Amino acid sequence: MAAAHWFWCDELGMPALVEQYASIPDYFTAEQNAVSRLLHRDPRADAVIGVYSDSGHNILAAARHHGPRVPRDLLVACVSEDPDYATTNPPVTTVSLRPDLVGTEAVDLLIAVINARSGVDRRRLVQPVLLPRRSTRRAVS
């Protein structure tokens with residue numbers, strides 16, 4: 001059983017909508033439908049952040065289908081490692097959670113536990129990386 005959570009916030013950061021699905025047989029369609037519902041609400045979302053790698057593509061497709069122009073009417077970003085977002089139209093802002101560094105830190109901690117090393121900080125912080133692109137840049141008027 002899978003679960004997905006959808007939410008959007010207005011410019012002031014106030015949560016406006018949360019949806020949860022117990023299971024999703026067709027993730028792509030379910031995500032596009034959720035974004036479509038967001039784009040039909042009043043007031044309409046002015047920004048959407050997808051939390052899965054394909055979310056940026058799905059959000060762009062829903063925006064093209066329903067009319068808001070990215071980034072003029074709708075800002076789009078997603079959490080993804082996919083380099084293709086640099087070439088979408090428009091290029092999508094991404095946040096990398098740095099799975100390469102998370103993996104390195106996890107292996108280091110596992111080895112420390114196996115070898116019973118003392119004095120090892122068991123908490124690690126891996127900084128995410130924001131790659132701002134045109135999908136989150138509105139023209140200055």
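A: Asp-108 is partly exposed, because its relative accessible area is 28% (buried means under 20%, exposed over 50%, and partly exposed in between, with a 1.4 Å probe and protein chains only). The model is predicted, and for this reason local features need pLDDT of at least 70 and side-chain atom pairs count only at pLDDT 80 or more, while totals for chains, interfaces and linings use all residues. Residues are numbered from 1 along each chain as its sequence is written, and side-chain values use heavy atoms, with hydrogens and water left out.

The side chain of Asp-108 meets that of Arg-124 in a salt bridge, at 2.9 Å from N to O (a side-chain nitrogen of Lys or Arg within 4 Å of a carboxyl oxygen of Asp or Glu). This pair links distant parts of the chain, since Asp-108 belongs to helix α3 and Arg-124 to the loop between α3 and β6, 16 residues apart. Helices (H or I, at least four residues) and strands (E, at least two) are DSSP runs, numbered from the N terminus. Side chains of opposite charge can pair when their charged atoms come close.

Arg-124 also forms a salt bridge with Glu-105, where the closest N and O atoms are 2.4 Å apart. Glu-105 lies in helix α3 (residues 99–114) and Arg-124 in the loop between α3 and β6 (129–131), so this pair ties together parts that are 19 residues apart in sequence. Glu-105 counts as partly exposed because its relative accessibility is 27%, and Arg-124 is partly exposed as well, with 31%. Together with Arg-117, the residues Glu-105, Asp-108 and Arg-124 are linked in a network of salt bridges.

The helix that carries Glu-105 may be checked by its length. The expected span of a helix is 1.5 Å times one less than its number of residues. After α3 comes Ala-116, whose phi is positive, near 50°.

The search of the whole structure finds 5 salt bridges. Another one of them joins Arg-69 to Asp-73, with the closest N and O atoms 3.2 Å apart. Arg-69 counts as partly exposed because its relative accessibility is 44%, and Asp-73 counts as partly exposed at 21%.

A nonpolar core is a set of buried Ala, Val, Leu, Ile, Met, Phe, Trp, Tyr and Cys residues joined through side-chain atoms within 4.5 Å. The largest such core has 15 residues, of which Val-48, Ile-59, Val-70, Leu-74, Val-76 and Val-92 touch the most other members. At least two residues of this core come from each of α1 (27–40), α2 (55–66) and β4 (75–79), and α2 gives the most, with 4 residues.

Within α1, the buried residues are Ala-30, Glu-31, Gln-32, Ala-34, Val-35, Ser-36, Leu-38 and Leu-39. The 14 residues of α1 should span 20 Å, and the end C-alpha atoms are 20 Å apart, which agrees.

Contact means heavy atoms within 4.5 Å. Not counting residues up to four places away in sequence, Val-92 touches Leu-60, Val-76, Ala-77, Cys-78, Tyr-85, Leu-131, Arg-133 and Ser-135. Thr-93 lies in strand β5 (residues 93–96) and counts as buried because its relative accessibility is 3%. Leaving aside its neighbours within four places, Thr-93 is in contact with a set of residues including Val-76, Cys-78, Leu-130, Pro-132 and Thr-136. A polar atom of the Thr-93 side chain lies 2.7 Å from the backbone nitrogen of Arg-133.

Asp-46 and Leu-74 are 28 residues apart in sequence but 4.8 Å apart in space, C-alpha to C-alpha. Asp-46 is found in the loop between α1 and β3 (47–50), and Asp-46 is buried because its relative accessible area is 16%.

Finally, the chain may be viewed as a whole. The protein chain has 3 helices and 6 strands, which follow the pattern β-β-α-β-α-β-β-α-β along the sequence. Buried residues make up 35% of its 141 residues. Among contacts between residues at least 6 apart in sequence, 58% join residues at least 24 apart.

Note on methods
Polar contact = N/O pair within 3.5 Å; in protein donor to acceptor, adjacent residues only side chain to side chain.
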